Every structure is written in C-alpha cells, then in structure tokens.
Amino acid sequence: MAVVGVDHFETLYRQHADPWRVGSAWYERRKRTLLLAALGQEQYRHAFEPGCGNGDLTLPLSVRCRRVCAVDFAGTALSRCRARLAEQGIEHVDTLALDLPREWPPVPPGGFDLIIVSELAYYLDDAALTQFLQGVDRCLATDGELVACHFRPGFDDRQQVTETLHAALGALRGLVPIFKHQDSAFALDGWHRQHKG
C-alpha cells in the first residue's frame with residue numbers, strides 16, 4: 001500500500017550494511033539518546049517498534065522493556081537485528097517480518113504500553129497512513145505512551161510532512177502531550193493515553 005515499497009528498502013539494505021548510517025552518524029546517535037532519555041518510565045511491560053531496521057534502537061530499548069516486538073519488512077535488516085540480539089544474548093525481543101500497515105503483530109493483552117514510530121511513517125502515502133494510524137490506535141494500551149521521531153528536511157522518498165504526520169498521531173483518541181522537541185533536523189514528540197473517565 002505504501003508508495004515506497006518493500007523492494008526499495010530491501011535493495012538499500014543489501015547494497016549497504018547501514019544505508020542511513022544509523023549506527024554511526026551524529027544525527028542518529030544524538031536523536032536516539034534524546035528519544036531514550038525522553039521516555040517517561042524506567043521500565044515498560046511490552047514495547048512495539050515498527051521499522052526496527054538493523055536494531056540500533058532495539059538493543060537499548062530492550063534494556064528498558066520486559067518484552068519488545070520489533071518489526072521490519074526488509075528481511076536483510078531484520079536478519080541483522082536478530083544476529084545482534086543473539087550476540088548480546090537478548091531473548092526477550094520478538095522480531096517479525098511484517099508488511100506494515102497491511103500486516104500487524106499480535107497485540108498483547110491490554111495492548112502495547114510503549115509504541116515508538118521513528119523514521120518510518122513519512123514513507124506512507126495517505127491511504128497507508130490512515131491504515132497505520134488505525135493500527136497504532138488499536139494497539140496502544142490505555143495508559144500507554146506513543147513516541148514519534150522523524151527527520152524534518154525534505155527528501156525524495158518522503159510522502160508525509162513530519163509536522164502534519166505528528167499532528168495526526170497526536171490526534172488519536174485519548175492522547176495528551178508529554179514532551180516535544182523540535183530543531184532543524186528532527187521532531188520528537190511523546191503522548192500519553194489517559195484512562196477513560
């Protein structure tokens with residue numbers, strides 16, 4: 001459903017060990033550090049990380065979560081993520097090859113109490129984004145946290161403007177803002193879903 005399809009990302013990962021220099025670039029390291037520092041809880045029950053790539057966020061996230069569901073549709077990236085987790089002896093991360101937003105992981109009882117959407121949703125066209133937003137809404141636990149982090153400048157593959165995308169995520173039912181960071185490079189937003197009543 002996404003205009004930027006699976007083949008595009010699979011080709012990039014086969015051609016380059018780290019296509020966006022996620023493991024080494026200062027932008028990526030700084031963004032990841034800020035994102036992890038912004039999380040409101042020391043420990044989470046069950047986190048969902050769509051678009052996990054090679055696992056650069058997955059590994060530190062696993063320290064903060066009793067269980068992590070890491071999803072990507074690029075098989076090469078997912079294999080690298082799995083290898084890194086195995087090398088560290090991390091066994092509480094489920095890595096799934098799914099074609100989001102068409103396919104979704106099993107939702108744990110009560111939902112995911114943390115969902116991190118990072119450098120992913122701006123690749124979705126309008127129809128795919130609508131389906132993605134519905135999936136996030138369905139998967140996020142009452143009292144859960146949703147975090148979004150996306151690059152702000154324009155680039156060829158972009159389908160959504162970062163600010164518009166974050167506004168759409170923040171408009172999901174029951175969400176209240178808990179943090180906001182914006183600079184010339186990226187936007188980082190977090191919301192908490194309030195209990196009903």
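**Checking the labels**

Student: Why is Gln-160 called buried?

Tutor: Gln-160 has 8% relative accessibility. Buried means under 20% relative accessible area, exposed over 50%, and partly exposed in between, using a 1.4 Å probe and protein chains only. Since 8% is what Gln-160 has, it counts as buried. Before we go on: this is a predicted model, where local features need pLDDT of at least 70, side-chain atom pairs count only at pLDDT 80 or more, and totals for chains, interfaces and linings use all residues. Residues are numbered from 1 along each chain as its sequence is written, and side-chain values use heavy atoms, with hydrogens and water left out.

Student: Where is Gln-160 found?

Tutor: In the loop between S5 and helix H6 (162–170). Helices (H or I, at least four residues) and strands (E, at least two) are DSSP runs, numbered from the N terminus.

Student: Which residues is Gln-160 in contact with, leaving aside its neighbours within four places in sequence?

Tutor: Among them are Tyr-122, Leu-124, Asp-125 and Leu-129. Contact means heavy atoms within 4.5 Å. Asp-125 is 35 residues from Gln-160 along the chain, and their C-alpha atoms are separated by 7.1 Å.

Student: What does the side chain of Gln-160 reach at 2.9 Å?

Tutor: The backbone oxygen of Leu-124. A polar contact is a pair of N or O atoms within 3.5 Å; within protein, one must be able to donate a hydrogen and the other to accept it, and residues adjacent in sequence count only if both atoms are side-chain atoms.

Student: What makes strand S5 largely enclosed by the rest of the structure?

Tutor: Count its buried residues: 9 of the 12 in S5 (residues 140–151) are buried, so the strand is largely enclosed.

Student: How many bridges link S5 with strand S4, and in which sense do they pair?

Tutor: S4 (residues 112–118) and S5 pair in the parallel sense over 6 bridges. Two strands pair if DSSP finds at least two bridges between them.

Student: What span is expected for helix H4 at 1.5 Å a residue?

Tutor: The expected span is 1.5 Å times one less than the number of residues. H4 (residues 75–87) has 13 residues and reaches 18 Å from first C-alpha to last, close to the 18 Å expected.
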